[in-house]
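Please look through this model with me before we discuss it.

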Amino acid sequence: MSAEATLAVDDLTVTLDRGDRDIELIRHVGFEVRPGEIVTLVGESGSGKSVTSRAIMGLIQMNHNISVTGSIVYEGQQLVGQPQTSAKLRGTELAMVFQEPLSSLDPVFPIEDQMREGLRRAFGKSSKEAERARMKELLDEVGIRDTDRVLRAFPHQLSGGMCQRVMIASALSSSPKLLIADEPTTALDVTIQAQILDLIDRLRQENDMSVLLVTHDMGVAADLADRIVVMYAGRVVEDASPDDVFTSPHHPYTEGLLACIPSLHERKEILPAIPGSVPDPSGLPGGCAFHPRCAFASDRCRGEDPPLFRIDRGAAACWHPRNTAVEPALEGARA
Ligand SMILES: Nc1ncnc2c1ncn2[C@@H]1O[C@H](COP(=O)(O)OP(=O)(O)OP(=O)(O)O)[C@@H](O)[C@H]1O
Ligand SMILES: [Mg+2]
């Protein structure tokens, strides 16, 4: 772990106790986000991106049937097992845009009240006029023009895309040091999507804001990310710079994700899209969880889950890494 990381996640595991057995939703996840950096978490549906994000925000409450173990260090402060520290940071230094915007807006209050509460939480009370002016400015930044109507509206009176923009404006209202954005632009059309991603990019440059951006979209990751962390079946399978991911992906799963980008697929330099889907955490195959979908699986892959090897400038969890002359060696393993 480097001293300067804004966020350092290590060995993060979320376990569900189903009575008869434990089910690991995410397994030994580790990565870092440095100041002003955008790190993207990519992977298919069910790979564990949202569980990881919620765990970092302290939103997975440990109780008798769910446990969070490992380490989440934000600016030198350990957050695992520290719900009060997490609660203090949420909405001030840490902000999250949720994948389901409607479920995170309160249906019984107009948008203005909800945004005002966020502003006051971060900056204390100010005059209503000043707060309103700031809210309008924030809404304008996410491409909302009829700001008066939106501020007066209740969430159910707004479209899904509009709610998503309101959530983004609210998350940015506290000028967070770390923004976690879980598929922030899925309900938006492409022009607004580009505008929001530009805004996030600008804010990280102007304010040194660090960003953990969850996306299905390797194209978005390529455009914005400083690092790409690829998740599969609840664990990190590759961690590298976008340049390295695109020119020499080491994990066959990463290669498969790249094949889903039409412009790359047409070049026919890489594998076609991967068959099948992410296994459910309650029924992971033995060995490497990707082996049933992998064209290169060997007996070793079927029998032993590979650790995350350091390979070249990145890391990959594969016994037979692609596009490298380096043989994976356990000494180089990170987890
Ligand atoms: N509270 C829970 N109880 C049981 N299983 C859960 C719970 N939350 C998530 N899961 C399971 O954990 C796995 C990872 O879920 P997660 O929501 O993190 O996936 P994701 O990568 O965000 O997918 P998507 O791209 O569809 O949003 C899934 O198999 C999901 O069904
Ligand atoms: Mg999700």
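The points below cover the core, the ligand shell and a sheet.

1. A caution to start. This is a predicted model. Keep that in mind as you read each point.

2. The core. The largest nonpolar core holds 92 residues. Val 166, Val 230, Tyr 232 and Val 237 touch the most other members. Helix 7, residues 160–172, supplies the largest share of this core, eight residues. Domain 1 (107–173) and domain 2 (249–332) both give residues to the core, so it lies between them. As background, nonpolar side chains in soluble globular proteins tend to be buried together.

3. One residue in detail. Which residues does Val 237 contact, leaving aside neighbours within four places in sequence? They are Val 230, Met 231, Tyr 232, His 251, Tyr 253, Phe 290, Ala 316 and Ala 317. Find Val 237 in the structure and trace these contacts.

4. The ligand. Around ligand 1 there are 14 residues. Those that come nearest are Ser 45, Gly 46, Lys 49, Ser 50 and Val 51. Helix 1, residues 49–56, gives the most to this shell, with three residues. By class, the shell has eight polar, four nonpolar and two charged residues.

5. Four strands form an open sheet in the order 2-1-4-5, with antiparallel pairing. Strand 2 (22–33) and strand 5 (77–78) are at the edges. Each has a single partner strand, so one side of each is left without a neighbour in the sheet.

6. A strand pair. How many bridges join strand 1 to strand 4? Eight bridges link strand 1 (residues 7–17) and strand 4 (residues 66–74), and the two run antiparallel. Leu 7 stands opposite Tyr 74 in strand 4.

Definitions and conventions
Residues are numbered from 1 along each chain as its sequence is written. Chains are lettered from A and ligands numbered from 1 in the order in which they are written. This is a predicted model: local features need pLDDT of at least 70, side-chain atom pairs count only at pLDDT 80 or more; totals for chains, interfaces and linings use all residues. A nonpolar core is a set of buried Ala, Val, Leu, Ile, Met, Phe, Trp, Tyr and Cys residues joined through C-beta atoms within 7 Å. A residue is buried if 20 or more other C-beta atoms lie within 10 Å of its own, exposed if 12 or fewer, and partly exposed in between; C-beta atoms are placed from the backbone. Domain bounds come from an automatic or database domain assignment. Two residues are in contact if their C-beta atoms, placed from the backbone, lie within 7 Å. A residue is near a molecule or strand if its C-beta atom, placed from the backbone, lies within 6 Å of it. Ala, Val, Leu, Ile, Met, Phe, Trp, Tyr, Cys and Pro count as nonpolar, Asp, Glu, Lys and Arg as charged, and the others, Gly among them, as polar. Two strands pair if DSSP finds at least two bridges between them.
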